[in-house]
Each structure stands twice: as structure tokens, then as C-alpha cells.
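Biologist: Hi! Could you walk me through this structure?
Modeller: Happy to, let's open it up.

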Amino acid sequence: MTSARSNGGRRRAVITGYGAITPLGVGAETLIERWSDGESGIADGVARCDAFEPGEFMSRKDARRSDRFTQLAIGAAAEALDAAGFQEELPYEPGRVACVIGTGIGGLGSLEEQEGVLRERGPKAVSPLSVPLMMGNAASAAVAMRHGIHGHTYGLVSACAAGAHAIGSAVRMIETGDADAAVTGGAEAALTGIAIAAFAAMGATSESGVSRPFDARRDGFVMGEGAGVLVLEDAEAAERRGATVLGEVLGYAATSDAHHLTAPEPSGADAARAIALALEDAGLGPGDIDYVNAHGTSTPLNDRSETEALKSALGDEAYRIPVSSTKSVIGHLLGAAGAVEAIATVEALRRRTVPPTVGWEERDEGLDLDYVPETDRELAPRSNGNGSRRSVAISNSFGFGGHNAVLCLEGR
Amino acid sequence: MTTEQVTTDRVEQVIFDGLAEVGAERDAINRDASFEDLDVDSLDLVEIAQIIEDEFGVELEGDAVADLTNVGQVIDLVVARSQS
């Protein structure tokens, strides 16, 4: 399908592959199938990727040179590049392929481990691998090295919006002609002593250990780990090589609250502006949207301000559009969340299904949208007026610091 | 630092184990193997040097190992340093 774009004939970024390693298991299909079935990857108040075996994706040497967040990215990238047909050989000149992978924190587990070595055994015992293990661009570097990617390559850091910002940045590279293809997404493995204690200290995480976004009883997010990686290509180039197109990033926008270090601005004004700008970027309006994949962290503040932002940006249509949160079953993957949730969104659109906000039962005052309680349901794409039907969603990501990144996605 | 007698066999064993630890193929490790063949780079050599210092108290600074290209040369250097 050729989309009519608001800005004329710019290049478009289609999605030709993705991979996900999440607390629900290894693989994007596992993620969407288990989520749609209402299964949860949360146990004992955290969401770990217990099914992930690094040895299935890399040598022992590569594994010990990679922090867990990089290992997860390598695994997700392997699935994504395989799906896109990039695994054997890049179908583009390597200098025209970009690699941008976001993270909230980077190799925190490695940093904590080496901090222990420094305290116990002194500076001369600190591992020479410490810096490459913990640096925030380690996942991008490892994926680029593994697959011979020679274009724009860097990490991207914007807390819990990093995955969406990375995808948006990759889309812009393709649109502007800086790259013909991009490997992009997010990775996080911050289930470490410091991070768990620190998020708890600021009151961000759930004391009950339950993730129930938008429910009146919500009391914070459940920390998770994982990675999501997508392959994006210039639409025309993908068509020329006969690639299977899974979806398209129709629009992207990012704004900043400039309000508070951690709390979202209560009215959600800048989050709403990001949603509206992403729709404008896609050349679409609220009436074209079939589904909202919410940031929906299960924190009291986010879920309220996000609801306000959706109402503000989508008007009356906000009450029609089903809104659900992937975090209800995998917790909050921080810098990987935006990428994993974009993948879940596209896969849901492709399957014409709306996965539920698992655990949602009690309505909170003012949180009066359709949060898709209990079970998944059929997604009915809106007619665009000329008889063809597209299935389109927005995926929200908001990060500490007031960073808002919104993707408008189509599944095919 | 250990007080036990530093023998060539003991140094060889520690270095072979260290190389395996940093990811070299155990079957490919021998005195004549080059670091290039073992896919051992400068970061690995720093880890090997840390292991050697822990085991034998022999400090191998960067300059000392920069020109070494195979496993036997490191073994000989450590044995010589530990006896001097």
C-alpha cells in the first residue's frame, strides 16, 4: 500500500523484520501470543527473561564481553535480521545501514560487579572489559560488529523512552537519506541490586509487585528486562528487493515536558502534543487510529497524565479507541520498552487483535477510557473512505526527565 | 604472591587456563599458538596479565607484552621474571 503523506514524496520507513526477548519468552511471536492469551511474565514482583540462553546466540567469548543488556540485544537482533533476510549478508551497501539501539541505563550489572572488585581487590584488579561492558552504546556496537553494519551507529539514552526514540531516529535517517536501512530498538537489563533499590527508594516501583496499568489499585511499575530490535528499510528499496513488509512507521514525534526530574506534567500537555505531532507526521487524524499501545506503567502519576494526554490529543475519539498496556504482562522494560511495545503493536495490528490490559478490574476516577480488560478482542480496522482498510495504532513512550516519544505504526 | 616454587609447568597451566577463561578454544591452546590464531586481543592479554600477577606476583606491564605474539613467549617471560 502506498500511503498518502502530508509532506509530499518523502522516503518512507517500512518494517521488514523484528525480534524480541521478553519476560514472556524468546521471540516476537511468543510475546504477542502469550500476551493475547493473558499470560504474564511477572514472578515475585520482577519480570526476568528466564528463557533466554546467551549461548544460543553467541560464543562464550562474545557472551563474557557483553553485559546482559547487550546479550539481549544480540539475541533480539538475530531474530530481526533473520526475519528480514539480513542474516547471511546485508542486502544493502554496509555503509548505508544504520544501527541505533536505545537503553535506559546500559551495563549497570557490570558496573556494580566491578565496583565490588574495586572495593575488595583494588584498582589493578578491575577488568579491562569494564568500559566496553557498561557503556551505553555497547549493544549498538556489538550488533553492528556482528552483522557488518558500517552506517550511523550509536546508542541512545532517554530513560524509558529510549526504545521509541531510537526507532524514531532511525526512521528519520531513512527519510532524509542518511541510510537505506536501519537496525534499531532498545535493550535493558537493570534487575540489579542498585537499580531495584533505587527505583524503590523513589517510590516508582510497585510494593505489591503487581503491574495493573490504569487500575485504581495500581501502586507503581514492576521492573523487567528484555530487548526488542526492528529492521527498517526505505520502502522503495525494500520493494525493489522483494522484501516482505510487516508494517510501517507512519509517523513519529518527540517532545519534552521540561517540568520535573521524574514526574510527568499532570495535564499531559506535551505528551498530547507528541501524540498529535506523530499523527500529523503520518498524515492521519484521531479517526484513523484503531488502537493505542499505551506507555501504561501502572504508576499512579503516569497512567493519569497519559489518560489526560490521550483525551487531549484524540478528543472524543479517545473514548472509541481501545487502549492497552503491554506492561501488564511483562512489566516495565525501561529503555527496551518502546521497542518491544512497538513490535507487539505491529504484530497485534497484523493479527487484527487487541491484546488486553491484563489485571485491569477497578476503574479509577477520571481514568475512563477503554483499557481492554480481561481478554483480547478482534481489531476492526477503520475504512479510509476509498474502500481499503489499514490497521493503524499509536505507541506511547515516556521517560523520566519528561521525554515523550510517540510512534504511529501500521501493521500489514 | 605465592611462595611455592614457580615451575614452567605451573606457569603453563595457569596461562592455558587463563586463555580458556577469556574464551580461547581449549583444544587450540599450546605453546606455539599465536594470539591471532586464538583470537586473543589486547583486552584479553590484560586479563591474562592480571591472572599472572595474582598467581605469581609477576607484573607484566603493557610494554613487556606488546611485542609478544605467541603463548610460549609469555610463559618464558613469566618464568624468567619469577626467577629473577
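**A chat about helix H3(A)**

Biologist: What span should the 17 residues of H3(A) have, at 1.5 Å a residue?
Modeller: They should span 24 Å, and the end C-alpha atoms are 24 Å apart, which agrees. The expected span is 1.5 Å times one less than the number of residues. Helices (H or I, at least four residues) and strands (E, at least two) are DSSP runs, numbered from the N terminus.

Biologist: Before we go on, what are we looking at?
Modeller: This is a predicted model, where local features need pLDDT of at least 70, side-chain atom pairs count only at pLDDT 80 or more, and totals for chains, interfaces and linings use all residues. Residues are numbered from 1 along each chain as its sequence is written, while chains are lettered from A and ligands numbered from 1 in the order in which they are written.

Biologist: How many residues of H3(A) are buried?
Modeller: H3(A) is mostly covered, with 15 of its 17 residues buried. Buried takes 20 or more other C-beta atoms within 10 Å of a residue's own, exposed 12 or fewer, and partly exposed lies in between, with C-beta atoms placed from the backbone.

Biologist: What follows H3(A)?
Modeller: Gly85(A) does, and its phi is positive, near 80°. Glu93(A) sits in the loop between helix H3 (68–84) and strand S3 (97–102) of chain A.

Biologist: Is Glu93(A) buried or exposed?
Modeller: Glu93(A) is exposed, because 11 other C-beta atoms lie within 10 Å. Glu93(A) and Asp180(A) are 8.7 Å apart in space, C-alpha to C-alpha, and 87 residues apart in sequence.

Biologist: And how many helices and strands does chain A have?
Modeller: Chain A has 13 helices and 13 strands.
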